[in-house]
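User: I want to learn how to read structural features from a model. Can we start with burial and work outward?

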Amino acid sequence: MILLRHELRQGRTALAIWTAVIAGMMGVCILIYPEMAEQMGAVSSMFADMGSFSAAFGMDRINFGEFLGFFGVECGNILGLGGAFYAALLGISSLAKEERDQTAEFLLTHPVSRSRIVTEKLLAILLQLLILNLFAAGVSAGTILLIQEKPAVDTLLLLFLAYFLLQVETAALCFGISAFLNRGGLGIGLGIAALLYFMNLIANLTEQAAFLKYITPFGYTEGADIITEGSIAIPYLSVGMAMAAVGVAAAFYWYTRKDIK
């Protein structure tokens, strides 16, 4: 597991920054809720009547004045979108950086198979995402206790699980693409994360585009759906995990056969 430790050590600064920013923003968001709670009833009614804008963000189906509704929209967007960007950056650079930084020749001369390289790099990505989410959940839990709110714990756990799976899927898709790259692909990774996010907004706006929810992982992390239904949409999740598996399989297949430059 030398490569795994090396990947974690190499990415610790970026992990610390992304974790601090995402968890910190979520903490601040929760802290300001008591100050806004009294006005949230009127705000919720206003948002619910804003037509397409409300539908795009699911604010027409939840009470923005209640803590869970507020958390699902505000904190959910922070962890969902911020986590997706971080996951995309991890996945898209993991394999490609060896050729980009000209370290592939040094790495592949060691007695370690390419499949093991892919496995340990993938494990490093998953561990970093797990650390990010555990820290964000811990900060959120501490801040919720601080403001003395008592939301449904099972619903909160479902929300955090959905965001973690979203990040895993995004990272896996970018990880598969990374195997085909030999230069930096940060723009590709960020573009994929942004595209997936906007696909969900479009799917919320019109029934003709509802099929996009099967393609984007943001389809099963919709806070309004999880809060009102009390569960993650299994059809969307199943397709998402299948796409993640395809991304990982593509990484193993191509990286173990490609001509490393």
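Analyst: A residue counts as buried when its relative accessible area is under 20%, and as exposed when that area is over 50%. Keep in mind that this is a predicted model. Cys-75 has 0% relative accessibility, so Cys-75 counts as buried.

User: Which class does Cys-29 fall in, buried or exposed?

Analyst: Cys-29 counts as buried, because its relative accessibility is 9%.

User: How many disulfides does a search of the whole structure find?

Analyst: The cut-off comes first: a disulfide needs two cysteine sulfur atoms within 2.5 Å. Searching the whole structure gives 0 disulfides. Take Cys-29: the closest cysteine sulfur is in Cys-75, 4.3 Å away, which is too far for a bond. Seen from Cys-75, the closest cysteine sulfur is that of Cys-29, again at 4.3 Å and too far for a bond.

User: Now the fold. How many helices and strands does the chain have?

Analyst: The chain has 12 helices and 0 strands. Along the sequence the pattern reads α-α-α-α-α-α-α-α-α-α-α-α. Of its 261 residues, 49% count as buried. Then look at sequence separation. Take the contacts between residues at least 6 apart in sequence: 78% of them join residues at least 24 apart.

User: Which loop holds Gln-148, and what is its phi near?

Analyst: The general idea first. Most residues other than glycine have a negative phi. Gln-148 has a phi near 60°, a positive value in a residue other than glycine. Gln-148 is in the loop between H8 and helix H9 (153–178). With a relative accessible area of 69%, Gln-148 is exposed.

User: Last topic: pockets. What volume does the second largest pocket have?

Analyst: A probe the size of a water molecule, rolled over the atoms, shows where empty space is left. The second largest pocket has a volume of about 330 Å³. Its lining has 17 residues, and those closest to the pocket centre are Gly-11, Leu-89, Leu-90, Ser-93 and Lys-97. Elements that give two or more residues to this lining are H1, helix H2 (12–31), helix H5 (67–94), helix H6 (96–100) and helix H8 (114–146).

User: Which element gives the largest share of that lining?

Analyst: H5 does, with 5 residues.

User: What is the make-up of the lining by class?

Analyst: The lining of the second largest pocket has 7 nonpolar, 5 polar and 5 charged residues.

Note on methods. Residues numbered from 1 in each chain as written. Predicted model: local features only at pLDDT ≥ 70, side-chain atom pairs only at ≥ 80, totals over all residues. Heavy atoms only, no water. 1 Å grid on protein atoms, 1.4 Å probe; cavity = no way out; pocket = protein on both sides within 12 Å on 5 of 7 lines; lining within 4 Å. Points joined across faces, edges and corners; volume = space filled by probe spheres on them. Helix = DSSP H or I, 4+ residues; strand = E, 2+ residues; numbered from the N terminus. Nonpolar A, V, L, I, M, F, W, Y, C, P; charged D, E, K, R; others polar. Buried < 20%, exposed > 50% of the residue type's maximum accessible area, 1.4 Å probe, protein only. Contact = heavy atoms within 4.5 Å.
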